[in-house]
Amino acid sequence: MHRFTTPLLRVTPEPEEQGIRLSLHGELDLATTPILEQSIEVAEREDGPLVALDLTELSFVDASGLKAILNAHRRALRRGERGLLLVNPSGDIRRLLSLTAIDLTIEVVPEASAAPV
């Protein structure tokens, strides 16, 4: 059996009052970043503003995944939107966001306070 028969990332859109939230399940790396990028593109084109990425079920992210997240955030800002929220990252991912200073660019919130102001 091949290890990579199913994608290691699943992206689930969830409509919200202000736009769309994408919930990420699995690992976000060089192999799976195109899945996220395609999901973001569809959400931006068809579902209105992308307001949040729910990282609750995301177990790993690498530099290519961080780049895709930053690019989506920047596009939202260029369109005059608020930008993204990163919701409920694990401790390891929160630490990575801090080490790369992405948490200074994109708001990171726990699930309890995920509603945009």
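Leaving aside neighbours within four places in sequence, with which residues is Asp-29 in contact? In this predicted model, where residues are numbered from 1 along each chain as its sequence is written, local features need pLDDT of at least 70, side-chain atom pairs count only at pLDDT 80 or more, and totals for chains, interfaces and linings use all residues. Side-chain values use heavy atoms, with hydrogens and water left out.

Asp-29 is in contact (heavy atoms within 4.5 Å) with Phe-60, Asp-62 and Ser-64, its neighbours within four places in sequence being left aside. Asp-29 is found in the loop between strand E2 (20-28) and helix H1 (33-46); helices (H or I, at least four residues) and strands (E, at least two) are DSSP runs, numbered from the N terminus. Because its relative accessibility is 16%, Asp-29 counts as buried (under 20% relative accessible area, 1.4 Å probe, protein chains only; over 50% is exposed, and in between is partly exposed). A polar atom of the Asp-29 side chain lies 3.1 Å from the backbone nitrogen of Ala-31.

Leu-28 touches Leu-9, Thr-33, Leu-36, Leu-58, Phe-60, Val-61, Asp-62, Gly-65 and Ile-69, not counting residues up to four places away in sequence.

The buried residues of helix H2 (63-78) include Ser-64, Gly-65, Leu-66 and Ile-69. These buried residues of H2 pack against E2, H1, E3, strand E4 (85-87) and H3. The 16 residues of H2 should span 22 Å at 1.5 Å a residue, and its end C-alpha atoms are 22 Å apart, which agrees; the expected span is 1.5 Å times one less than the number of residues. Just after H2, Gly-80 takes a positive phi of about 85°.

Technical notes
Polar contact = N/O pair within 3.5 Å; in protein donor to acceptor, adjacent residues only side chain to side chain.
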